[in-house]
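Welcome! Have a look at the sequence and the model below, and then we will walk through them together.

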Amino acid sequence: IAEGEKVVKCMVESGCQIASCLTASGAIARYKGLLVIMGKRGVPAYVAADELIEDIIGFRFHKGIMAVGYCPKKLTVSDALKNPKRPLFLVALNAVNDPQNVGLIARNAAAFGVQALIVDHATYDPYYRKAVRVSMGTIFRLPVCYEDDLGSSLIRLKKKHDTRIIVATPGRGARDIAKVEISGNICFVFGNEDKGISRRILSIADAKVRIPISRTVDSLNVASASAVCLHEASRYHRS
C-alpha cells in the first residue's frame, strides 16, 4: 500500500503492477497527473469524501491519495546478482523486526547507492504498509532479496562474489568505522536492536565496525546507525 503523493509516484514510476487507487474528492485536481497515468494503465480510481475515507482506513487521511499494488516477484541474492554492477554494495538485515526501522534503512540504502537489500526470515517484510510509508517509496527502487538462511547466503557472497561481510556492532572486537577500509565488494549487515547480530553471522563476518559515541549512550537506533555506516561506505562506492 502506497500512501501520499511521493510514495504513490514512486510506485507508479517503478512499474509496479497497481490494483487500484483511492483519492479524496477534493484532491482530484491536485493529483490529476498521477490519476491520468494510472488510468492509461487501466488502474481503476475510486473517489470518496474525506469522512468516508477516514472511516475506511481508520485514521485521519492527510495525504489525499493512496494506491494498492502487487508486491514484486520475490528475489534471491543469486537472482539479483546475475549481472551485478561492480563493486558490489549490499545491505543485509538480520532479524530487524520493526517495520519503521526496515523502512528507514531501505531509504538510507537507496540514498547512499546500495544495489540490493537482503532480508532474512526474521526481518519485517519491506513491503509492509508502514515500512513502505517510512521509506518514502524508495523501497520500489531497491531490489529486495529474501533469504531464509542468511548465513549461507553471506557465505556464498564471500566465495562466489569475493564479498567482504561487514557487521555493525557495539560488541567486543569491533573497530572504529572511520579506521576500517570499506572498499571492494561489501555487504553491510545490521541486526536486531535488542539482541544484536546473531552469533553465526558474527562468526562469518570479515570485519566488525562500531560508531564512536558518548559513553553515556549505549548504542544508536539501528536505522540511525545504518545512515552513518552507509555514508562512510559510500565514500568508497560513489560512481
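What share of the contacts in the protein with a separation of 6 or more comes from residues 24 or more positions apart? The answer is 78%, where contact means heavy atoms within 4.5 Å.

## Before we start

This is a predicted model, in which local features need pLDDT of at least 70 and side-chain atom pairs count only at pLDDT 80 or more, while totals for chains, interfaces and linings use all residues. Residues are numbered from 1 along each chain as its sequence is written, and side-chain values use heavy atoms, with hydrogens and water left out.

## The overall picture

The protein has nine helices and 11 strands. Along the principal axes, the C-alpha atoms fill a box of roughly 60 × 45 × 30 Å.

The radius of gyration is 20 Å, which agrees with the value near 18 Å that a compact globule of 239 residues would have. That radius is taken over C-alpha atoms, and the globule rule is 2.2 Å times the number of residues to the power 0.38. Of the 239 residues, 46% are buried. Buried means under 20% relative accessible area, exposed means over 50%, and partly exposed lies in between (1.4 Å probe, protein chains only).

## Two open sheets

Let us look at the sheets, remembering that two strands pair if DSSP finds at least two bridges between them. E1 pairs with E4 (residues 65–69) in the antiparallel sense over two bridges, and here Ala 2 stands opposite Ala 67.

The other open sheet has seven strands in the order E7-E6-E5-E10-E8-E11-E9, and its pairing is parallel. E7 and E9 (175–176) each have a single partner strand, so one side of each is left without a neighbour in the sheet. Elsewhere in this order, E8 and E10 (residues 186–191) pair in the parallel sense over four bridges, with Val 167 opposite Val 189 in E10.

## A closer look at E7

Strand E6 (residues 116–120) and E7 pair in the parallel sense over four bridges, and Asp 120 stands opposite Glu 147 in E7. Together, E6, helix H6 (residues 129–134) and E7 make a right-handed β-α-β unit. Right-handed means that, with the strands pointing away from the viewer, the path from the first strand over the helix to the second runs clockwise.

Which way do the side chains of E7 (residues 144–147) point? Val 144 and Tyr 146 point one way and Cys 145 and Glu 147 the other way, and all are buried. Lys 74 lies over the face of Tyr 146, at 4.7 Å from the ring centre. A charge sits over a ring if NZ of Lys or CZ of Arg is within 6 Å of the ring centre and within 35 degrees of the ring normal.

## Rings and a buried loop residue

The whole structure holds three aromatic pairs. One of them is Phe 188 and Phe 190, stacked at 5.5 Å centre to centre with 5° between the planes. Rings of Phe, Tyr and Trp (its six-membered ring) pair if their centres lie within 6.5 Å; planes under 30 degrees apart count as stacked, over 60 as edge-to-face and the rest as tilted. Phe 188 is buried at 0% relative accessible area, and Phe 190 is buried at 1%.

Thr 163 is in the loop between helix H7 (150–161) and strand E8 (164–168). Thr 163 counts as buried because its relative accessibility is 3%. Leaving aside neighbours within four places in sequence, its contacts include Leu 88, Ile 186 and Asp 206.
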